[in-house]
Amino acid sequence: MRFRPAAALLPLVGLAAFFALWEAVPRLGLVNPAFLPPPSVIPDAFLRELRSGQWLAAVTGSLGHYLAGLALGVGLGIAVGTLTGLSRTAEGLTAWVVRVLRPVPGLAWVPFAIIWFGVSPEAALFIVAIGVFWIVYFAAHGAIRGVDRDLIELAAAFGFRSAPERLVTVVWPAAMPGILVGVRTAIGQAWMAVVAAEIFGVAGLGQRMMQASTLLATDIVVVYMLTMALLYGVFDAGFTALQRWILRWRA
């Protein structure tokens, strides 16, 4: 395939046009700069937050909630999805539980999180785990259920007769592409859940955004929005590289 410089530059041109339009709208008075700050003021706002220590404290707090909640939600999602994917009995027992609880949005659990854990990191962890769990559960359940049964029978013929052996050597490797797609989706969902959990007072990016918004410090709000976008990009890029490495056997 021939490399086309013009096509490669299109994303950069689009991004530059977006920032130019954003800069022009408040500068021309079309929108009050207090409501939509131009991007040229964002670096100064970021430096103020960085020097005060607020930015580092917020990022550290949110990363703790994010990573712990993501790990818990992913672990439980894979475990329960594997169980129901392998066992018709387990799927039947949980069918109506899933139908009742799945439509409940993560924000609806916030009152219970506060009642059970108080305004604490544990409450944020709970909200993030809930938001992640269902995505990974359905991905794992579908991937496990889609594994070719002939592979499982072949593994038994080669001496892998116990269920744990077949799970580790055949079922999980065959289902891994589908499971990893769910995990990658969960990585983005977890950031949304972090903000939802923190706007109610748990220390982190969401709390700092709410504090800034009450003071109409919209430049600081944008700083933390861009911070979350950057962090998500880093995690997504890192996971994509990990995904390629795990699935290198497919190449």
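Arg99 lies over the face of Trp96, at 4.8 Å from the ring centre. A charge is taken to sit over a ring if NZ of Lys or CZ of Arg is within 6 Å of the ring centre and within 35 degrees of the ring normal.

The model is predicted, with residues numbered from 1 along each chain as its sequence is written. Local features need pLDDT of at least 70, side-chain atom pairs count only at pLDDT 80 or more, totals for chains, interfaces and linings use all residues, and side-chain values use heavy atoms, with hydrogens and water left out.

Aromatic rings also meet one another. Rings of Phe, Tyr and Trp (its six-membered ring) count as a pair if their centres lie within 6.5 Å; planes under 30 degrees apart are stacked, over 60 edge-to-face, and the rest tilted. By this rule there are 17 aromatic pairs. In one of them, the ring centres of Trp109 and Phe112 are 6.2 Å apart and the planes stand at 50°, so the pair is tilted. Relative accessible area under 20% is called buried, over 50% exposed, and in between partly exposed (1.4 Å probe, protein chains only). Trp109, at 18%, is therefore buried, whereas Phe112, at 41%, is partly exposed. Another pair is Phe133 with Tyr137: the centres are 5.8 Å apart and the planes at 20°, so this pair is stacked. Phe133 and Tyr137 are four residues apart in helix H6, which means about one helical turn separates them. Both Phe133 and Tyr137 are buried. Trp109 and Phe112 also belong to one aromatic cluster, together with Trp116, Phe117 and Phe126.

Next come the annotated spans. The unreviewed UniProt entry lists residues 63-84, 96-117, 123-140 and 215-235 as "transmembrane region". UniProt positions are given in the numbering used here, feature names are shortened, and annotations may be inferred rather than shown by experiment. Helices (H or I, at least four residues) and strands (E, at least two) are DSSP runs, numbered from the N terminus. In the model, residues 63-84 are 100% helix and 0% strand, with the end C-alpha atoms 31 Å apart. Residues 123-140 are likewise 100% helix and 0% strand, and here the end C-alpha atoms are 26 Å apart.

What empty space is left in the model? Rolling a probe the size of a water molecule over the atoms shows where empty space is left. On a 1 Å grid over the protein atoms alone, a cavity is a set of points where a 1.4 Å probe fits but cannot get out; a pocket is an open set with protein on both sides within 12 Å along at least five of seven lines, and lining residues have an atom within 4 Å of a point. Grid points are joined across faces, edges and corners, and a volume is the space filled by probe spheres set on the points.

There is one cavity of 30 Å³ or more. The largest cavity holds about 60 Å³ of space. Its lining includes Val110, Ile114, Ala123, Ile127 and Phe200. Helix H5 (110-117) and helix H6 (121-145) each supply at least two of the lining residues. For the classes, Ala, Val, Leu, Ile, Met, Phe, Trp, Tyr, Cys and Pro count as nonpolar, Asp, Glu, Lys and Arg as charged, and the others, Gly among them, as polar. The cavity lining has 10 nonpolar residues, one polar and no charged.

The largest pocket has a volume of about 230 Å³. It is lined by 15 residues, of which Pro105, Gly106, Ile130, Gly131 and Gln189 are the closest to its centre. H6 and helix H8 (163-198) each give two or more residues to this lining, and the largest share, five residues, comes from H6. By class, the lining has 11 nonpolar residues, three polar and one charged.

The second largest pocket has a volume of about 150 Å³. Among its lining residues are Phe18, Trp22, Phe35, Ser213 and Met225. Helix H1 (5-27) and helix H10 (218-246) each give two or more residues to this lining, and H10 gives the largest share, five residues. Nine of the lining residues are nonpolar, two are polar and none is charged.
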